[in-house]
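Please keep the structure in view while reading.

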Amino acid sequence: MAASVLFFSPSAHCRCITTATTRSRGAPFSAVLLPRCRSRRRRSRCAALVARAAAVPPGHGLPRYETLGDAKAALYQALQGVDRGIFGITSAKRSEIHGLVELLESRNPTPDPTDKLQDKVDGCWKLIYSTISILGKRRTKLGLRDFISLGDFFQIIDVKEEKAVNVIKFSARALKILSGQLAIEASYTIATKTRVGIKLQSSTITPDQLMNIFQKNYDMLLAIFNPEGWLEITYVDESLRIGRDDKENIFVLERTGPSEI
């Protein structure tokens, strides 16, 4: 009898099968990772990584999860306290999160997500992790150290209209907790079975008092959150979505309701 166990994917840029099949008496790991890489160079790299993994003694390998639900739970746990990664995280925490992201991507239950946008993607989402970061001078210039607080990030997808609206919440503590938001509207077109092309349509900051605060550095703010380019949907199910864009950013979003916005 064989049991299916999930392992971390060897590489962020390699789409490999990461299901290990082990016999009840303990088959070695060496024969269970089968690379599905698009290029010869990546296949060679995967082969080396698989060989390295095969050399790990039993009991000393990478963490394993019996189901995708277990892997998702581990990802949620890893994201606790990282504030979406927007102000930086340790390299160890980044490796942990990205390993779990790659694991879920490798076992994507929706292999052709753009064929199922209405069922899987339409609606409201909340960002829970991204590799986009605001550090150093950018954080200081935008007032995000002491003056302005960065709130939740939401994305509303309207499949029928082929439109996406990103909403970033802010509050200004020095102005009696003034609350406002940056809304970025974009259109999208389906490019492949997994990819959409995105075009910026408009951006607005409300109320005017918040726009006055960001006016001087508005181009910087928009450059950080501008979605234009393309987005690869690498994992999506009923509650979680993972994507990678043309700027090599990772996005992890959980489904939410419009009442949260």
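Leu-68, Ala-71, Lys-72, Ala-74, Leu-75 and Ala-78 in H2 touch Lys-93, Glu-96, Ile-97, Leu-100, Val-101, Leu-103 and Leu-104 in H3. Contact means heavy atoms within 4.5 Å. By class, the contact of H2 with H3 has ten nonpolar, no polar and three charged residues. Nonpolar covers Ala, Val, Leu, Ile, Met, Phe, Trp, Tyr, Cys and Pro; charged covers Asp, Glu, Lys and Arg; the others, Gly among them, are polar.

This is a predicted model: local features need pLDDT of at least 70, side-chain atom pairs count only at pLDDT 80 or more, and totals for chains, interfaces and linings use all residues. Residues are numbered from 1 along each chain as its sequence is written, and side-chain values use heavy atoms, with hydrogens and water left out.

H2 and H3 pack at about 155°, with axes 10 Å apart. Therefore H2 is roughly antiparallel to H3 (angles over 145 degrees). Axes are lines fitted to C-alpha atoms, for helices over the stretch in contact, and angles run from 0 to 180 degrees between N-to-C directions.

A closed barrel of eight strands runs E3-E4-E5-E6-E7-E8-E9-E10, with antiparallel pairing. Pairing requires at least two DSSP bridges between two strands. Nine bridges join E4 to E5. Gln-155 has Asn-166 in E5 as its bridge partner.

H2 lies across strands E3, E8, E9 and E10. Helices (H or I, at least four residues) and strands (E, at least two) are DSSP runs, numbered from the N terminus.

| Element | Residues |
|---|---|
| Helix H2 | residues 68-78 |
| Helix H3 | residues 91-106 |
| Strand E4 | residues 148-158 |
| Strand E5 | residues 163-172 |

Note on methods:
Angles under 35 degrees count as roughly parallel, over 145 as roughly antiparallel, 65 to 115 as roughly perpendicular and the rest as oblique.
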